[in-house]
Amino acid sequence: MKIALRVNGVLHEVDVEPRKLLVHVLRELGYKSVRVGCDTATCGSCTVLMDGRPVKSCNVLAVQADGAEIYTADYSDEVMEKLRGAFRRHHAAQCGFCTSGMLTTAYYLVRRGVKSEEEVVEGLSGVLCRCTGYQNIINAVKEVAGL
Amino acid sequence: MKYVGRPIPRVEDELILRGKATYVDDVELPGMLYAGFVRSPYAHARVLKVDFSDVLKTPGVVAAFGPGDGEPFSFAPGGKVRYQGEAVAMVVTRDRYVLYDALEKVAVDYEPLPAVLDINDALRPDAPLVDESLGNNVVHDKVYEGGDPDRALKEADVVVEGRFATQRIIPSAMEPRGVVAAYDGDVLTIWSSTQVPFDVRKEVAKALGLPLSRVRAIQPFVGGAFGSKLLVYPEEVWVATAAYRLKAPVKWVATRSEDFKTTTHGRALTLEYKVGASRDGRILAVTGTVYADAGAYYWGEGLADTAAQMLPGPYDIRHGRVRAVAVLTNKTPLSAYRGAGRPEATLFIERIMDHVADVLGMDRVEIRGRNLIRQLPYRNVFGITYDTGDYPTAFERGLERLGYRDLKRWADEEAKRGRIIGVGFSVYVEITTFGYETAVLRAERDGSFTLYTALTPHGQGLATALAQVLADELEVPMERIKVYWGDTAYVGDGIGTMGSRSITAGGSAAILAARRLKEELAKATEKLLGCKPVYSGGIFQCGGNSVTIEEVVKAVYRGKAEAQLTVEAIYRADATFPFGVHVAAVELDPETGFVRPLLYRSYDDVGVVVNPLLAAGQAIGGALQGIAQALYEEAVYDESGNLLTPNLAFYYVPTAAEAPRYEVHFADEPHPSKHPTGTKGIGEAATIASTPAVVMAVEDAMRRLKPGVRIDETPITPEDVWRHLR
């Protein structure tokens with residue numbers, strides 16, 4: 001099936017099998033920052049923004065994303081660069097595997113105007129990190145969110 | 001200009017934060033083929049027949065390999081599989097989606113055998129045998145002994161006996177294992193999500209009869225390991241062999257459930273103990289047996305032994321006998337998980353201290369103060385020599401700095417308001433660092449320096465820490481140093497990142513290389529200036545003349561003076577011993593048994609701290625893993641050997657919502673190791689210390705509701721708490 005995706009502002013038209021997952025299409029298009037860490041939509045490493053909402057792209061068929069506007073951790077704008085700076089200063093990434101999912105989720109939280117630490121924690125709880133113990137990630141997001 | 005000791009953000013982050021770090025699944029090569037494995041649904045079965053006739057007719061299938069294909073395809077050795085998930089065949093296809101269809105088309109006939117899942121069952125004389133050649137299921141049995149434990153037990157005022165069991169942990173690195181291999185007819189290159197590229201290279205070369213010079217192993221970015229990627233796995237050899245035979249690039253990346261069933265598990269040690277103490281709380285003798293539930297193959301050598309030898313911990317116990325026994329079961333093989341035997345040793349001895357304190361009616365701080373080793377160096381009863389430290393001072397100062405007694409008072413106050421808060425602490429001494437490590441340092445003609453390390457960082461930030469260490473030694477700005485790692489083309493041999501050894505072993509190797517390079521450049525300067533120079537701040541000086549380090553390097557590259565511009569240093573790094581005190585507070589909901597970690601505080605004497613930002617990162621992340629061992633995680637099997645926690649939806653890795661607030665402190669007066677870096681290692685300290693601290697905190701909370709309750713296993717789930725309190 002032919003589908004069209006706009007990824008980080010760039011339009012892609014691709015022919016996909018109906019069973020193909022969005023995460024695999026994105027990775028084949030070169031968006032390697034979208035990572036696969038589980039088969040059960042649990043780990044969140046594949047989280048991207050689809051039409052403004054964070055989704056686990058391993059849990060979305062590519063055909064469901066036809067016509068969607070998608071943002072990945074490769075994206076750059078003022079908020080994303082602020083997040084990158086804060087992640088770096090706070091040492092919020094270790095092995096880096098979950099970091100893309102953390103960044104896209106954090107981007108959503110900041111854009112949405114997250115109001116409290118509790119909301120940050122709850123918002124990030126859909127992405128698993130095995131290295132950091134989360135505190136530095138939480139602190140980085142709070143800083144950018146002005147909390 | 002000193003860099004060591006400063007909280008410098010990581011140089012690695014640029015790639016990671018832009019999504020540009022290359023993990024093994026991101027390696028793309030033209031004509032890539034995709035490999036997958038047919039895996040046993042049975043925990044124990046004879047493999048009667050593997051039939052490829054259907055799969056080889058499937059479009060897109062390139063090859064299939066099975067038990068009949070000879071070494072190194074060692075599928076189902078001895079004609080049987082020993083754990084659920086063990087591979088029986090391999091299929092190679094042109095497309096990943098085709099691969100998973102194709103795997104379904106391999107027909108395997110199994111004859112199920114009775115499985116043995118529990119070590120007590122495995123030790124029975126009539127138990128099914130995991131490995132028939134052994135005659136029983138005991139694969140390792142060794143006794144560690146010192147002093148006269150029998151006499152000491154006889155003379156003790158009290159003898160305390162008990163048992164403590166730790167669960168199986170699934171290490172759960174966020175990146176599943178994976179391998180890419182490519183053969184161009186000349187060189188076989190392997191990219192693997194591993195901690196040990198040098199071992200991967202050696203094993204693959206040996207399996208295929210190739211010289212090391214024609215095999216190159218590359219460790220790309222690795223998405224976490226925690227000890228679970230420090231063995232060479234069969235898949236690494238099989239994928240490399242497929243690439244070699246097919247003369248094409250082949251990729252295999254485990255699915256999460258495949259990873260959970262085939263990547264080594266950790267912990268799963270049980271201690272049966274009998275200790276003797278005097279009435280005033282001195283532990284006179286520690287005796288017992290550590291059992292390892294080793295799983296189907298004895299890959300985790302030394303886990304029970306480390307736990308046995310470190311069982312005395314930071315306490316002066318002069319008599320001991322501990323037996324280390326490894327028992328085979330039909331489960332995933334057991335191996336290292338962050339700490340590998342030391343977390344268990346610490347958990348066991350800390351539980352023993354509490355048990356003895358309870359029997360004697362003593363305070364838990366007091367009993368530890370009474371038994372702590374007073375004078376370092378100290379040779380423990382099993383012959384391990386702890387190097388430096390001042391345990392009594394660090395213990396007292398740690399408790400004070402972490403506010404232990406204030407927290408206890410706060411918990412009492414909160415109890416009046418109906419909140420059930422428990423406070424616990426732990427004391428540990430940890431053995432880190434072993435073996436040798438290699439550094440290759442090259443002076444570049446523009447005055448920059450390239451370090452090739454044999455370390456294999458996978459999140460620790462060693463490229464940053466090594467640059468800090470080197471910048472201080474070379475007296476140049478850190479920006480002039482670039483660190484490369486994870487490629488056997490750079491360095492001939494080495495060990496890698498594990499066992500909290502990296503900055504101590506690899507950093508010291510880098511320092512030695514820098515010293516050697518400075519000697520070489522001084523030799524060249526002597527030729528250029530005609531006198532013996534003194535080096536300082538990037539400048540060689542003598543006889544009123546001076547040259548910068550880059551001028552000397554340039555002169556050597558142009559043949560005006562002779563010196564080695566690439567030097568190699570191999571550093572032998574003996575063990576060193578961090579010490580620390582950690583404190584945890586938890587809140588218990590008596591209605592549900594649910595326990596929430598509230599705060600976690602650490603005070604560690606790890607010698608020199610190269611980068612406090614990165615060291616704190618290790619402490620915080622390590623702590624949550626140990627907290628999760630205390631409260632959440634467990635690999636559960638049913639009686640047939642089915643893994644009931646085969647993915648992250650069933651196996652409970654904590655989320656941000658479970659994380660406590662952490663505070664990390666390093667000792668006011670650290671005791672450096674004797675290594676050139678003065679470091680002792682920080683990678684595992686908090687994983688080691690956090691489980692016993694949290695267990696004590698939970699017990700403390702439960703005792704507010706039911707005095708005398710004792711925890712004798714991990715994890716303590718809400719159900720366990722509820723059962724205890726009933």
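Okay, hi everyone. Before anything else, please keep in mind that this is a predicted model.

In general, you describe two packed helices by giving the angle between their axes and the distance between the axes. Here the pair is helix 4 (residues 117-124) and helix 5 (residues 135-145) of chain A, with an angle of about 125° and axes 10 Å apart. Why do we call helix 4 of chain A oblique to helix 5 of chain A? Because of that angle: about 125° puts the pair in the oblique class, since roughly perpendicular stops at 115 and roughly antiparallel needs over 145. The crossing of helix 4 and helix 5 of chain A is right-handed.

Who is actually meeting whom there? From helix 4 of chain A you have A:Glu117, A:Val120, A:Val121 and A:Leu124. Facing them from helix 5 of chain A are A:Ile137, A:Ile138, A:Val141, A:Lys142 and A:Ala145. Sort the residues of this contact by class and you get 7 nonpolar, 2 charged and no polar.

Next up, the place where the two chains meet. In this contact, 40 residues of chain A go with 41 residues of chain B. On the chain A side, helix 2 (78-89), helix 3 (99-112), helix 4 and helix 5 each put in at least two residues. Which of them gives the most? Helix 2 of chain A does, with 4 residues. The chain A side as a whole has 15 nonpolar, 16 polar and 9 charged residues.

On to chain B. Even so, 9 residues of domain 1 of chain B touch 9 residues of domain 3 of chain B. The domain 1 side of that contact holds 3 nonpolar, 4 polar and 2 charged residues.

Let's do the sheets. One open sheet in chain B has 7 strands in the order 3-5-1-13-10-11-12, with mixed pairing. At its edges are strand 3 (61-65) and strand 12 (215-218) of chain B, each pairing on one side only. From one strand to the next, the twist averages 20°. Strand 11 (residues 188-192) and strand 12 of chain B run parallel, with 4 bridges, and B:Ile190 has B:Ala217 of strand 12 as its bridge partner. Packed on this sheet is helix 5 of chain B (residues 197-208), which touches strand 11 and strand 12 and makes about 150° with the direction of strand 12 of chain B.

A second open sheet in chain B has 4 strands, ordered 20-28-29-30, again with mixed pairing. Strand 20 (420-429) and strand 30 (661-666) of chain B are the edges. Inside, strand 28 (residues 579-589) and strand 29 (residues 594-605) of chain B run antiparallel, joined by 11 bridges. B:Phe579 stands opposite B:Asp605 there.

Last one: helix 9 (residues 342-360) and helix 17 (residues 685-705) of chain B. Their axes come within 8 Å and cross at roughly 30°, which means helix 9 is roughly parallel to helix 17 of chain B. This crossing in chain B is right-handed. That's my tour, thanks!

Key:
Residues numbered from 1 in each chain as written. Chains lettered and ligands numbered in written order. Predicted model: local features only at pLDDT ≥ 70, side-chain atom pairs only at ≥ 80, totals over all residues. Pairing = 2+ DSSP bridges. Axes fitted to C-alpha atoms, helices over the stretch in contact; angles between N-to-C directions. Contact = placed C-beta atoms within 7 Å. Parallel < 35°, antiparallel > 145°, perpendicular 65-115°, else oblique. Left-handed = near helix turned anticlockwise from the far one by under 90°. Nonpolar A, V, L, I, M, F, W, Y, C, P; charged D, E, K, R; others polar.
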